[in-house]
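User: I'm new to this one and would like a close look at a single part of it. Could you walk me through the salt bridges and what surrounds them?

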Amino acid sequence: MTYDLVGGEVVITATEFKAKCLDLLDRVNSGEIRKVHITKRGKEVAVLVAREAATKEPWDPRSMFGSMKGSLSIDPSIDLEKPIYEQVFGTSVEADMGLNDPDYDFRLGLREE
């Protein structure tokens with residue numbers, strides 16, 4: 001019998017499984033062991049898992065799309081057709097960065113002295 005302590009899995013031969021079946025069933029049911037891989041002549045022939053684990057559906061990456069639907073609310077005073085920065089902070093991005101200075105050269109990002 002081979003134990004994987006991190007994953008909670010056991011690999012066991014069919015002959016050894018017959019001798020330890022009831023003990024392994026109890027340990028899988030209690031959650032001490034997650035899976036028991038049963039082999040015959042070096043090939044896996046069966047996997048023993050707890051009933052809850054067998055009915056659990058595998059993760060589907062497409063299930064995340066739309067999972068947060070309805071969880072975002074936008075303040076009704078914000079007009080989405082106007083620049084949001086100006087509505088929230090009261091100034092423009094250019095004014096906050098000093099870009100509306102007439103001496104500012106937009107191409108180089110330098111001020112003329």
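Analyst: Start with Arg27, which counts as buried at 17% relative accessibility (buried means under 20% relative accessible area, exposed over 50%, partly exposed in between, with a 1.4 Å probe and protein chains only). This is a predicted model, where local features need pLDDT of at least 70 and side-chain atom pairs count only at pLDDT 80 or more, while totals for chains, interfaces and linings use all residues. Residues are numbered from 1 along each chain as its sequence is written, and side-chain values use heavy atoms, leaving out hydrogens and water.

Arg27 forms a salt bridge with Asp23, at 3.6 Å from N to O; the term means a side-chain nitrogen of Lys or Arg within 4 Å of a carboxyl oxygen of Asp or Glu. Both residues sit in helix α1, 4 residues apart, or about one turn of the helix. (Helices are DSSP runs of H or I with at least four residues, strands are runs of E with at least two, and both are numbered from the N terminus.) Asp23 is partly exposed, at 42%. Arg27 also meets Glu32 in a salt bridge, here at 3.2 Å from N to O, and Glu32 is exposed at 53%. Side chains of opposite charge can pair when their charged atoms come close.

The count for the structure is 4 salt bridges. Another one of them links Arg34 and Glu9, whose closest N and O atoms are 2.5 Å apart. Arg34 is in the loop between α1 and β3 while Glu9 is in strand β2, so this pair ties together parts that are 25 residues apart in sequence. Arg34 is partly exposed at 45%, but Glu9 is buried at 19%.

Now for the strands around that pair. β2 (residues 9-13) and β3 (residues 35-40) pair in the parallel sense over 5 bridges; strands count as paired if DSSP finds at least two bridges between them. Between them the chain passes through helix α1 (residues 14-30), making a right-handed β-α-β crossover. Right-handed means that, with the strands pointing away from the viewer, the path from the first strand over the helix to the second runs clockwise. Val10 has Val36 as its bridge partner in β3, and Val36 in turn stands opposite Leu48 in β4.

In soluble globular proteins, nonpolar side chains tend to be buried together.
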